[in-house]
Amino acid sequence: MPQQKDIVKIAIQMPGAYPQLIQLDQKKPLTAVIKEVCDKWNLPGPDNYALQYADGIQTYITESNRIDIKNGSILRLTKAPGRCAEDLYKGIQSSDSGVRCDSLKLLADVSTDITFAQEFISRDGHSLLVKIVEDAHEAPLIMTHTLSAFMELMDHGIVSWENLSSVFIKKIASFVNAKVLDTSIQQVSLAILESMVLSSSSLFNEVKQEITLERLISHLQVTNQQLQTKAMALLMAMLLAGGEADRQELFEFLEKRNLRQYIHKNIIHSSSSVGDEMAHYLYVLQTVRLNHLEARMRTPLDSYNQEQRDMLHGLRQAAFEMESESGLSNERRRSLCAKEFKKLGFSNNSNPGLDLSRCPPGLLALDTMAYFASRYPDAYSRFVLENSSREDKHECPFARSSIQLTLILCEILRIGEPPSETGSDYHPIFFAQDRLLEELFCICIQLLNKTWKEMRATQEDFDKVMQVVREQITRTLSSKPTSLELFKNKVNALNYSEILKLRQTERLHQEETLSPPVLELKERLKPELLELIRQQRLNRLCHGTLFRKISSRRRQDKLWYCRLSPNHKVLHYGDVEEQTETPSIEALQEKIPVADIKNVVTGKDCPHMKENKGKQTKEVLDLAFSITYDVEEYSLNFIASSRTDFCLWTDGLSVLLGKEMSSESMHSELEILLSMEIKLRLLDLENVPIPDTAPPIPKPPSNFNFCYDFSQAEQ
C-alpha cells in the first residue's frame, strides 16, 4: 500500500468527456498513469498522450516536475509533446497559408514549455523558422507568429544565439530599420536583437553594425507603448553589453539626439504612460548614466595634484575676501590658510586634503563643493560667513557637511552600484537635469543649513542632523518630483517639525495597521481557548484537591478532600488523613449536588473568615473561598494551599454555575495561549509537519562535569 503522502487527489479533463477524479500515486510511472486514464476513456495509443496543467501556465507533466502536483489540481489529457511537435512541424510546411498561420500561432503558444521545445528543436524545427525569416515571403501575420515562436524557443537556452547566420541577423535588423512595417513584427524583432546583444560581444558588434540608431530613436517617438518599450530595451542592452568606448559613443549620440529631454517630455511627464517594463529601462539608463561619476567617487584627493590643490584653494578664495598674500611670510600665509579652512569646516585645517581621503565620496565631494561655489556664489558665501560668525559649537561645518551630504546622495542615487535586473526605482528628476548630483547638492546643502538652525544643533548633533536631512531627501524623491524646482519646493516645505509629525503619524499608523488584524484574530481565537481553559478547570476539579481546616483546638489543622464527579453533577468531600493518596469518590461520604449551589464567595465575605476574625491574615484571606447552597446559612468553606489552587477552584466553580472565569491565573493563561496560537497562525508552516505527541526526552549525559560544584566554595 502506498503511503498517504504519496497519493495526490486530482481531476483530469478531456474535451467531450466527463472529468476523471483519480488518486495519483506519485510512485507509479507516469506512463502507467496515462495508460489507465486512456483505458477509462477507451483511447487507443496511450503513448500519443500526455498530461498538462489545465489552468495557469499549461506546463506538461513530466517525471521531473510531477512532484509539484498538489491536491485538487486539474490536469488535461492532451497530445504528447513529440506528437504535437511532429504535427506542428508538418503544419508549418503546409501549402495552405491558413494552416501555416494556425500552426505557427499554436507553436508560439506551446513553445513556452521546455518539454515541447526540446521535442521541436530535436526535429530541427528552429532551423525551419530561420529559413522562413530569411526568405521573408510570408504575410505580416504569419511572419509575426514565426518570430514569436522563434523567440520563445530560443529563450530556453537549448540553442545558442551564436549559431545564427549573418543573413538572419541582417534580416531581423532590416525589420527594425524599415520605416513602414507592421509594428508587431518590429516589436518581436527588437526583442530578438536585444537577446542577441546580451548573449555575446561578437553578436553585439554585428547588431551594432546593422542597426540604424536614428531609426531606433524614432521608435521611441511613436505612440505605440509596446514598440517604444522594446526600442528602449534594445538601447539599454547595447549600453550594458558594450565596452567603455562603445558606451561613451552611444551616450554622445543619445545626447545629440536629446534623448533625455525627449524621455522627460514625452514619457515621464505622463506617469500613467510608464509601464513596469519601461520603468525598469529608465532605471537602468539612470544607473548607467550616473555611474560615470564612480571614478571620482572612488578616488581620494592627491595633495601633489596641482589641479585638485587649485580647486581646494578656490573654495577658500571664493568664501573670503582675500588679503594680498604676496607680502606675507610663508608661516603667516600658512596660518591664514589654516584659519580660513577651519572656518570652511575642514577638520584638518592645516592639510584639508586629508578630509577628502575618504572614499567614497572622494573627489566627488570636492566637485560638488566647487560646483556650488561657482554656480551659486552668493548662497555659498552666505552659508560660510553665517556659520563662521556663530559660536564654535553651534556652527554648521560646510566642508564636513558637504562631504557627508555627497556620500548620502551617492547612496540614495546608487552611484557605483550595477543596475539590478528587477529594479524600477528611477527618479523622474534625473531626466529633467543634466548635472543632477551637483544640482541636488546645491539645494540640499542649503536645506542642511536650514535644518541645522531649526534643530538648534551643535557639533554633537551632527549625525542626528544628517539623518533628518537624509529623510527629507528620500521622502521628497519618493514623491517622484518631475523637475528640480518642484523638488526644491517640496524638500524645503518638509522642515524638521514636519518630519517629527510624519514620524509620529507613521508610528501610530503602523500600530493601527498591525493591531486590528491581530486583535481580530485574538477575538476569533478567544472563545476556543477559553473553552480549553474551562475544560482544564473542570478536569482539575474532577481530579480533586486536598484542603485544610482552621481549628482553634488543635495545633495542626485537619485535612479534607473535595472532588467533582465525572458527570459534573455532584461535589464529593470528606475528611482524610495526612498521608492519604487521592481518595476515590466512594470514600468521600459527603456530597453536594451542583444544582443546589447558589453562589461562590471569596476572601472576607466567606462565612469562616467572618467567624474567625482573629485568624484573618492577608495570606489566609487571599486563599479562602466558600460555596453557599440550599439556603444561605449552609456553606462549604475552603482554604486553598496555594494561589494556583485557589484560582483553579474558583474558576471551576464559576464554570459549573455558568459564570465567567475571573481569576488572574485565567487571564495569564489566556494571554499565553493567545500569544502562542497567534505566532503559530502567522508562521508559514506549509509542508512543516506538527507532531501529535511531544518529542522524547533525551537520555542524560554520561557525566555532569559541566555543572558547577557548589561544595567547593571559595574560602
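This is a predicted model: local features need pLDDT of at least 70, side-chain atom pairs count only at pLDDT 80 or more; totals for chains, interfaces and linings use all residues.

The protein chain contains 28 helices and 11 strands. Its radius of gyration is 41 Å, whereas a compact globule of 715 residues would come out near 27 Å.

**The whole chain**

- Along its principal axes, the C-alpha trace of the protein chain spans about 110 × 105 × 55 Å.
- Buried residues account for 44% of the 715 residues in the protein chain.
- Take the contacts in the protein chain with a separation of 6 or more: 64% of them involve residues 24 or more positions apart.
- The protein chain has an accessible surface of about 39700 Å², and carbon and sulfur atoms hold 50% of that.

**The nonpolar cores**

- How many residues make up the largest nonpolar core? There are 144 of them, and Leu 129, Met 196 and Leu 344 have the most contacts inside this core.
- Helix H21 (residues 436–454) supplies the largest share of that core, with 11 residues.
- Another core, of 42 residues, lies apart from the largest one, and its members include Leu 521, Val 655, Leu 656 and Ile 678.

**Leu 440 in helix H21**

- Leu 440 sits in helix H21.
- Setting aside residues up to four places away in sequence, Leu 440 touches Leu 409, Leu 413, Ile 429, Leu 484 and Phe 487.
- Between Leu 440 and Ile 473 there are 9.3 Å in space, C-alpha to C-alpha, while the two are 33 residues apart in sequence.

**Helix H20**

- Helix H20 (residues 398–413) has 16 residues, and from its first C-alpha to its last it reaches 22 Å, close to the 22 Å expected at 1.5 Å a residue.
- H20 is mostly covered, with 14 of its 16 residues buried.
- Just after H20 comes Arg 414, which has a positive phi of about 60 degrees.

- Helix H12 (residues 244–256) is 13 residues long and reaches 18 Å from first C-alpha to last, close to the 18 Å expected at 1.5 Å a residue.
- Which residues of H12 are buried? They are Arg 247, Leu 250, Phe 251, Phe 253 and Leu 254.
- Look down the axis of H12 and its buried residues fall within an arc of 165 degrees, so they line one face of the helix.
- The general idea is that an α-helix has 3.6 residues a turn, so residues three or four places apart point the same way.
- Over on the other side of H12, Glu 244, Ala 245 and Lys 256 are exposed.
- Following H12 is Asn 258, whose phi is positive, near 55 degrees.

**Ile 34 in helix H1**

- You'll find Ile 34 in helix H1 (residues 30–40).
- Ile 34 has a relative accessible area of 8%, and buried means under 20%, so this residue counts as buried.
- Gly 243 is 209 residues from Ile 34 in sequence, and the two are 53 Å apart in space, C-alpha to C-alpha.

- Where is Pro 360? Pro 360 lies in the loop between helix H17 (330–344) and helix H18 (363–375), and Pro 361 is found in the loop between H17 and H18 too.
- The peptide bond from Cys 359 to Pro 360 is cis, with omega near -10 degrees.
- From Pro 360 to Pro 361 the peptide bond is also cis, with omega near 15 degrees.
- Asp 124 isn't a glycine, yet its phi is positive, about 65 degrees. This Asp 124 is in the loop between helix H4 (114–122) and helix H5 (125–135), and at a relative accessible area of 41% Asp 124 is partly exposed.
- Lys 480 isn't a glycine either, and it has a positive phi of about 55 degrees. Look for Lys 480 in the loop between helix H22 (462–478) and helix H23 (484–493); its relative accessible area is 33%, making Lys 480 partly exposed.

Definitions and conventions: Residues are numbered from 1 along each chain as its sequence is written. Side-chain values use heavy atoms; hydrogens and water are left out. Helices (H or I, at least four residues) and strands (E, at least two) are DSSP runs, numbered from the N terminus. The expected span of a helix is 1.5 Å times one less than its number of residues. Buried means under 20% relative accessible area, exposed over 50%, partly exposed in between (1.4 Å probe, protein chains only). The arc is that of the directions from the helix axis to the C-beta atoms. The radius of gyration is taken over C-alpha atoms; the globule rule is 2.2 Å times the number of residues to the power 0.38. Contact means heavy atoms within 4.5 Å. Accessible areas come from the Shrake-Rupley method with a 1.4 Å probe; for residues, only the protein chains shown count as cover. A nonpolar core is a set of buried Ala, Val, Leu, Ile, Met, Phe, Trp, Tyr and Cys residues joined through side-chain atoms within 4.5 Å.
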